[in-house]
Amino acid sequence: MLVVFPPSVRHEDSITPSYYEDHLLERVSLLELRLSQVMEQLGMAYEFIRREAKSFHNDHVLLQSFFESLEKVNPEFSQILTRECLNIYNEKFVPVEDKSEDELKKILLNHDDKNAGLFTHLVNEGIKLLEQNEEKQAFLTLEKGATLSPQNVALFSYLAKELFRADKFDAAKTYLEKAFEIEPQNENVLLLLGTIYADEREAEKARKLLSVLANNPNTKVCVNFIWGILAAFEGNFTESLAAFKESLNKQETPELHYLIGCVYWQLDRKKLAESHFVKAVSENLGFADAWFMKSLIYKSLNKKDKEKQARQAAFEAKEAGAQCLKFMNDKKNEEPEIALPFQHFNKLNKRLLTGGSLRLNKFLREQIFKAID
């Protein structure tokens, strides 16, 4: 990339305009982010290939041994069986035109016919109970069905999704890990399991799974959102900035402008932070935390009137779950040492993604279910 400096500074020694420094820093951070994601993708791709190759080799050896033995015992029947296997293979892999198969149909198709009647009844009943908001009984019923179909990735994935929706993350993780062992390339499993690992502060595990989905148009927003939170948790705010901007490039929302503004605030780039907080509140006037962070910018710039107006707007928003309320109700009038969305990082009992801002938690969940529903 070529950088051209204005004539006024071209011949000055040791002068590089801050604009170019900032621009280059962001470009380098973006390249580092993409390189990191590609490296994780390659690692996952190698793992997929290794597992599939091992499985294929074992299956091939078993089938070869079976057909060789059968040919010695009954050559004619061996030929008939070979032809039938090829016909079944060809029928199974005919392209399906309608990709919007019902989840129930997928679950039933993944069952191996053992106790099929009971299994079908349990799954049907479980889904009906969920539709009636009878979550406890629904999960018990579906879990009974899962014991009858121990290799049913479609059921594990569906059950984990509904458990995740109900904030039962530990139970969801159990089914997702089972599904991942059987079908490690399943995108819904990768997204939900990667999200849970990130929420539990297992950054390395989370990145391995999420990297596969980083450039997928359906998952790009939520994956880079999570990646940005993980980077901020590790104190790498330049990578965090690059990740949040990747999400913003795909979908412009007040939440992403707010997060970018908070990262700029951490990097002590107040003017850029201010511009993103302005965009956040202009898109959503009730965004209390964005107003509050905006007031901190004005305080640092000694703009007392604007600080007071922004603080008042944050107070009048009366947004449930806003993190700024803790500081606004504090009689000591203490200011946060770090930006609001990163406040809970030093509390070990808090989940990384779902343990902070209620608004950001809701935003992430919406993006996840938009991608997998």
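## Helices around the second largest cavity

Helices α9 (187–199) and α18 each contribute at least two residues to the lining of the second largest cavity. This structure is a predicted model. Of the two, α18 provides the largest share of that lining, with four residues.

The second largest cavity holds about 60 Å³ of space. Its lining includes Phe164, Phe169, Thr195, Ile196 and Asp199, and also Leu353, Asn361, Leu364, Arg365 and Ile368. By residue class, this lining has six nonpolar, three polar and two charged members.

## The largest cavity

The count of cavities of 30 Å³ or more is two. The largest cavity has a volume of about 80 Å³. Among the residues that line the largest cavity are Phe225, Ile229, Pro341, His344, Leu352 and Gly356. The elements that give two or more residues to this lining are α11 (220–233) and α18 (358–372). Here too, the largest share comes from α18, which supplies three residues.

The lining of the largest cavity consists of seven nonpolar and four polar residues, with no charged ones. Leu353, Asn361 and Leu364 belong to the linings of both cavities.

Phe277 is part of helix α14 (residues 270–283). Its relative accessible area is 0%, so Phe277 is classed as buried, the cut-off being under 20%.

Leaving aside residues up to four places away in sequence, Phe277 touches Tyr258, Gly261, Cys262, Ala290, Met293, Lys294 and Ile297. Phe292 lies 15 residues from Phe277 in sequence, and their C-alpha atoms are 9.4 Å apart in space.

Notes
Residues numbered from 1 in each chain as written. Predicted model: local features only at pLDDT ≥ 70, side-chain atom pairs only at ≥ 80, totals over all residues. Heavy atoms only, no water. Buried < 20%, exposed > 50% of the residue type's maximum accessible area, 1.4 Å probe, protein only. Contact = heavy atoms within 4.5 Å. 1 Å grid on protein atoms, 1.4 Å probe; cavity = no way out; pocket = protein on both sides within 12 Å on 5 of 7 lines; lining within 4 Å. Points joined across faces, edges and corners; volume = space filled by probe spheres on them. Nonpolar A, V, L, I, M, F, W, Y, C, P; charged D, E, K, R; others polar.
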